[in-house]
Amino acid sequence: MAETTTASGTKGATAIQEAIITPADHLGFEPGEARKLAPWSRIASYFQLLGTRSPRVQTEVLGNSTEGRPFLLSIIASEETHARLDHFREIQSHLADPRGVSARQTAGFVAEGKTIALVTCTIHATEVGATLMAMGLAHDLATKDDATTRQILDNVILLLVPSLNPDGWDLVEQWYTKTLGTPFEGSAPPQIYQTYTGHDNNRDWFMLTQAENRLAVEKIHNVWHPQIVYDLHQMMQDGPRYFVPPFIDPYDPNVDSILSQEINVLGSTMAQALAQHGKTGVTTNVIFDAFSPSRAYQHYHGGVRILSEAASCRIATPVTINKDDLKVGRGFDPHAVTWNHPNPWPGGEWTLADIVSYNRISADALLLHAARYRDMWLSNFAALSRRAIEQTGAPVSFVVPAGQRDPVTRAELLQVLQRGGVELTQAKTRFTADGVTYPAGSAVISMAQPYGMYAKTLLEAQKYPDLRLYPDGPPKPPYDITAHSLPLQMGVEAVAVATPFKAELTPVSGLVAPPKGAVKGTGTAGIIIGAETNASVKLVNALLAEGVEVTRTSGPVRGGGEEFAPGAYAIAVTDDALERVRSRCVEHGVRAAAVERVPTSARRLKQPKVGLYRPWWSNAIDEGWTRFILEKYGFLYDTLRDGDMRQGDLRGRCTCIILPAMSAKMIMEGNNPADYPPEYTGGIGELGAANLRRFVETGGTLIAMDAACEVAIKQCYLPVTNVLEGVTAQEFYSPGSMVRILLDPNHPIGYGFERESVALFVNSPAFEVHGGGAAVARYPMSDPLLSGWMLGPEKIQGRAAVVEVPVAHGRVILIGFRAQFRAQARGTYRLLFNSIYASTLR
């Protein structure tokens, strides 16, 4: 239950003003003042103070961040609205789901309800201007009594999240304070600013793997169903000063046209307000599209997501940018006067106060529009919700069949949908749809439900248009990746059904429970566990940690009437120990058999000692995701910094070393010495590269992922080339697409896989092996594209995607894509897990 601070009773405006100090008085400086930041505890206490002193503000602690800091929501509205807050929330719930609500009731709700506007700040922790702006916004709404303020308070319920990333805020504040007055002032912290995801935390808004995102969705979005979500960001220093919508094409076709037009109207209103205040460098309709659902949750839940992007300074330190230093890029010219950029910025000093000012003007304009056009926002919201439940086009539903190869990952996919408000039903008996018969227990997701389009965009394959910067020119970069189909990424079958069908279905209440495992057979010599699921890895790691001896079979085995492919886990245990392992198999949801004889040809698997390379870099996102997944699956790891790599003795610390996806330049050279103290620069350097070679040559396993493969290839002198090196974007381009790969299930890295799988390819490498190595996975000779956008697919057809190369007593494993991408690509996790295990197989 949320912890709430509220003021009791009703006070006059004068009394309120006297009781509430300004943000400047609270902090000791004006929010936005150059070179001034405060810790999160100080900022949070101000919003809690408003909650105790103003009857217009209710501040709730919704829960804790990943590292235990309070995650706040301030609800701001008139005193009269606060007195009936539950009533207005109930109205919004009826409008969001109008099933059983008559047209007359809907009209009454529209007439009485409030516009719900959610404003979220500083998900990216170096983008500090939004949080500082929010303090002044909250103060003024709590204390002022002019006509405009009253209009907003009487017609809008503002849900204000001062920071979506409290942990990152403190990291940035502490680093900024530490470097203030040094040559390194204003640099980003030399580590990612969310514990696991860094800048990718705003790409986690459908998987919801992170605590902060889950709090925001489950306790704000899904409770209040806002018509407007305004998400404030910052961008590069040397482009436009400020972006607001309209967005560029493409829109996800599952986003209703009412929403796209509302976005255009509201964004243009904000741009007009900025022009009215004489703000220059404001642009619309550039760079940012609305194709990916990764941060546009509300687009599939009846509301708009408005994005603003302010040009950054150096955290809180001003920058001076000459007009001629403003850069042309991604189709935008900061010097040109156009309809969507009518008043270019002339150059000069750009400060945190400028960012706060632009943000405040935009927020005020948004809230005033929400108040003035309250009836439009509510009536359109009601119409969108009605359209959703009356959906009749194809597909009519999706079926996620029961009895899949990885039932635990199937359950995880269904849970993702449920956390997004999607309703599931389950078949009580067999049924037939579009001529295909499905077993009892299959999940059926109807599109005719409030959030059916959310389910559709996550379940279907994407077709991204071929967009160019100009005719026959280079590709126009998307804002994010061009494919997000969860069944493809997670290795789960989901089938679109085009025509209505009959089935005996029962609603699924509560989150889908992870399935129980099954241990077939009555043998007493040991247990065989199938290697086809991610859950088996979590179980094996737990058993290894307890000292249980585990081996992996090198060929197919049979037990308990079950067939187990190569790579199954064999455990020789008897009596009580056997029963404990049997119980653990059921608990973890794995397929297993109790056997009379454990295979003697199996290879001993020892607990791996993983070394995870972690550079001193603010954007080492893939390292964070890798660390998150290793922890989730019970792998023990040792963090290797640049100094560790240069120091050596790596073989004594690790059986394998993982180089997560990042450029060879970052790994080898590290940060710019002009921006960071010496201990945070230099990369691994030539000395670290020599130590990596020595580590491999003396028996270690080096696992390189995606772009990091370049370091492994060039520094370990592998007989492998990247066939895409030097290829232009006009010849080959794949900015986040899902492609088919063909695997060797008999190879230890391919254990547990079927022949076909799916990889998430983000301008990744593809390999030609010149001898001495094994291609564990290849792209097919036909077009590999399954979802998204790819130019020049022939460049990778038939090329290797995963390669193992023996080097002296060790080996290098090249995984040419991000097999653990954003904790979404669960269908290829086991390529990483198998590579780790390969380092200890005897």
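Two cavities of 30 Å³ or more turn up in this predicted model. A cavity here is a set of points, on a 1 Å grid over the protein atoms alone, where a 1.4 Å probe fits but cannot get out. Grid points are joined across faces, edges and corners, and a volume is the space filled by probe spheres set on the points. The largest cavity comes to about 100 Å³. Its lining (residues with an atom within 4 Å of a point) is made up of 14 residues, and those closest to the centre are Asp-289, Ser-292, Arg-295, Arg-305 and Tyr-479. By class, that lining holds five nonpolar, four polar and five charged residues.

Asn-541, Gln-607, Pro-608, Gly-634, Phe-635 and Leu-636 form its lining, with three nonpolar residues, three polar ones and no charged ones.

On to the sheet: nine strands make up an open sheet with mixed pairing, in the order β1-β2-β3-β5-β4-β6-β11-β7-β9. Strands (E, at least two residues) and helices (H or I, at least four) are DSSP runs numbered from the N terminus, and two strands pair if DSSP finds at least two bridges between them. β1 (3-6) and β9 (282-283) sit at the edges with a single partner strand each, so one side of each has no neighbour in the sheet. β1 runs antiparallel to β2 (residues 57-64), and four bridges join the two. One of the residues involved is Thr-6, whose bridge partner in β2 is Gln-58.

A few backbone details also stand out. The peptide bond from Pro-245 to Pro-246 is cis, with omega near 15 degrees, and Pro-246 lies in the loop between β7 and β8 (248-251). Another cis bond links Asp-249 and Pro-250, with omega about 5 degrees; Pro-250 belongs to strand β8. Ile-315, in the loop between β11 and β12 (319-321), has a positive phi near 60 degrees despite not being glycine.

As for confidence, the mean pLDDT (the predictor's confidence in each residue, from 0 to 100) is 96, and 99% of residues reach 70 or more. Where pLDDT is low, the predicted coordinates should not be read in detail.

Residues are numbered from 1 along each chain as its sequence is written, and side-chain values use heavy atoms, leaving out hydrogens and water. In this predicted model, local features need pLDDT of at least 70 and side-chain atom pairs count only at 80 or more, while totals for chains, interfaces and linings use all residues.

Conventions:
On a 1 Å grid over the protein atoms alone, a cavity is a set of points where a 1.4 Å probe fits but cannot get out, and a pocket is an open set with protein on both sides within 12 Å along at least five of seven lines; lining residues have an atom within 4 Å of a point. Ala, Val, Leu, Ile, Met, Phe, Trp, Tyr, Cys and Pro count as nonpolar, Asp, Glu, Lys and Arg as charged, and the others, Gly among them, as polar.
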